[in-house]
There are 2 protein chains.
Amino acid sequence: MLGKVGTYGFVAEPFHCDFSHRLMLGHLGNAMLNAADYHSNDRGYGMEYLNTVHRTWVLSRLAIEVEDMPKAYDRFTIETWVEGAMKYFTSRNFAVTAEDGRPLGYGRSIWAMIDTDTRQPVDILAVRDGLISEYIETDKPCPIEKSSRVKIEGKGVLARSVPTYYSDVDVNGHVNSVKYIEHALDLFGLDFYKSHRLKRFDVAYVAESHQGDLLKFYVQQAGERYVIRITKSSLSSIEEVEVVRLLMGFVKE
Amino acid sequence: MLGKVGTYGFVAEPFHCDFSHRLMLGHLGNAMLNAADYHSNDRGYGMEYLNTVHRTWVLSRLAIEVEDMPKAYDRFTIETWVEGAMKYFTSRNFAVTAEDGRPLGYGRSIWAMIDTDTRQPVDILAVRDGLISEYIETDKPCPIEKSSRVKIEGKGVLARSVPTYYSDVDVNGHVNSVKYIEHALDLFGLDFYKSHRLKRFDVAYVAESHQGDLLKFYVQQAGERYVIRITKSSLSSIEEVEVVRLLMGFVKE
């Protein structure tokens, strides 16, 4: 039986780095999702098995906190493990480490499981007689705060409307979880990033959106914290529906 | 001394695949650029060395022709080699192969070298006494046509205006070569890709653009071939300047 913690190696690809030669946060998020995918497939409760029984994992929340980001060409590892599994939710953590062993950051995520035919939540512990429970790791520390509900007072200021296209969409036909992050990062310009470091990133996925939907980004600022609410609307459904809530916490440098 | 041909392994990451579970062409282009980067660095004439002498490679043309694309989780390799080197241009080829040895596609590219202070072209053969010439490989076949000049008659139809943001920009502060490809792919919708396969892709990089520039995409269609001209303009320079020409050749499926 494989260990509870999986460790996966990555490289900060040069074309995935920003002007500061550091990996862009969306690509770190993508690497975490890959690590989660490999880890769960290797242990028999991943997408590969789930697709055969018309089930799939759905990312509900992702929080990332970084002290430093890998620079172009740097190798880094992501460890991932399942911290808890309940009937309708499981929590999975991540630790990002530089090649010299220095901790770079951590992640926390919450996942649900759905039936791909009905799109309704299903009992995670019913899959393979609760196989996932055999891999719960509660001793390994993940020294960042859990995601808290992202509270929003009022509507926020409409900062941008973003149409969605072919390359926004993933294998399931939905806008890719990482694309929302990239669009949110793009609300801030190069000049802002030259004086601010993104330290904490919380995202809650509320509903799915599809190619052709128009995403609207509403922003509320409180000091160096920005709360962003993303809604979708479309030609056939003009009413705005909330799809994602984000919290971005910067530190001035 | 390393061989003339370098071989690099890649995985079609699940979140880089489209609705058909196949790798999106922009990510294949990105993998080719990575292979070029690794190959030239390993042989002493890559960005790592060039940056120390205030020189850098600039991609001038890239042509990709594919018979099939890797599917999610598929491993594939990219071989790359320099086919020729002259004073101001070098040509580099690519072969993309599935894990079972099946050829998936090929690429051809043309690169110039510039002085990073003056942004002017410099003599490629003057770097390290013409080191690159020791690695010219002319026997290995690359069975796709060379890039031809992308001819445009008239102005084309303005299909879309695309603002550029933080995540469009690479370590040099310019819009990333691959981002133009992704924006061009996005001119076509999911329904189009369900009935058309992108077989041939030619891109010529004419000028650089920067965050904040507005890119305009002009399209001319001739059957299943689309010629796309991208211009930039900005608040401080409203006149449109051509930055990229693309040719996309589809086959109906």
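Modeller: Two strands pair if DSSP finds at least two bridges between them. Strands (E, at least two residues) and helices (H or I, at least four) are DSSP runs, numbered from the N terminus. This is a predicted model, in which local features need pLDDT of at least 70 and side-chain atom pairs count only at pLDDT 80 or more, while totals for chains, interfaces and linings use all residues. Residues are numbered from 1 along each chain as its sequence is written, chains are lettered from A and ligands numbered from 1 in the order in which they are written, and side-chain values use heavy atoms, with hydrogens and water left out.

Colleague: How many bridges join strand S2 to strand S5 of chain B?

Modeller: S2 covers residues 55-66 of chain B and S5 covers residues 103-115, and the two run antiparallel. The bridges joining S2(B) to S5(B) number eleven.

Colleague: Which strands stand at the edges of the sheet in chain B?

Modeller: The sheet of chain B is open, with ten strands paired antiparallel in the order S1-S3-S4-S5-S2-S7-S10-S9-S8-S6. Each edge strand pairs on one side only, and the two are S1 (6-11) and S6 (157-163) of chain B.

Colleague: Why is one side of S1 and of S6 in chain A left without a neighbour in the sheet?

Modeller: Chain A has an open antiparallel sheet of ten strands, ordered S1-S3-S4-S5-S2-S7-S10-S9-S8-S6. S1 (6-11) and S6 (157-163) of chain A lie at its edges, so one side of each has no neighbour, as each has a single partner strand.

Colleague: What angle does helix H1 of chain A make with S3(A)?

Modeller: S3 (residues 75-85) and S4 (residues 90-98) of chain A pair in the antiparallel sense over nine bridges, and A:Gly84 has A:Ser91 in S4(A) as its bridge partner. H1 (residues 25-42) of chain A packs on the sheet and touches strands including S3 and S4. Axes are lines fitted to C-alpha atoms, for helices over the stretch in contact, and angles run from 0 to 180 degrees between N-to-C directions. The direction of H1(A) makes with that of S3(A) an angle of about 60 degrees.

Colleague: Which residues of chain B lose the most area to chain A?

Modeller: Contact (heavy atoms within 4.5 Å) involves 36 residues of chain B and 36 residues of chain A. Buried area is the accessible area (1.4 Å probe) that two parts lose on being put together, summed over both. For these chains the buried area is about 3500 Å², and carbon and sulfur atoms give 56% of it. Together giving 24% of what the chain B side buries, the residues that lose the most are B:Phe15, B:Tyr166 and B:Val171.

Colleague: How far apart in space are B:Gly84 and B:Ser133?

Modeller: B:Gly84 belongs to strand S3 (residues 75-85) of chain B. Beyond its neighbours within four places in sequence, B:Gly84 is in contact with B:Thr90, B:Ser91 and B:Ile136. B:Gly84 and B:Ser133 are 49 residues apart in sequence, and their C-alpha to C-alpha distance is 7.9 Å.
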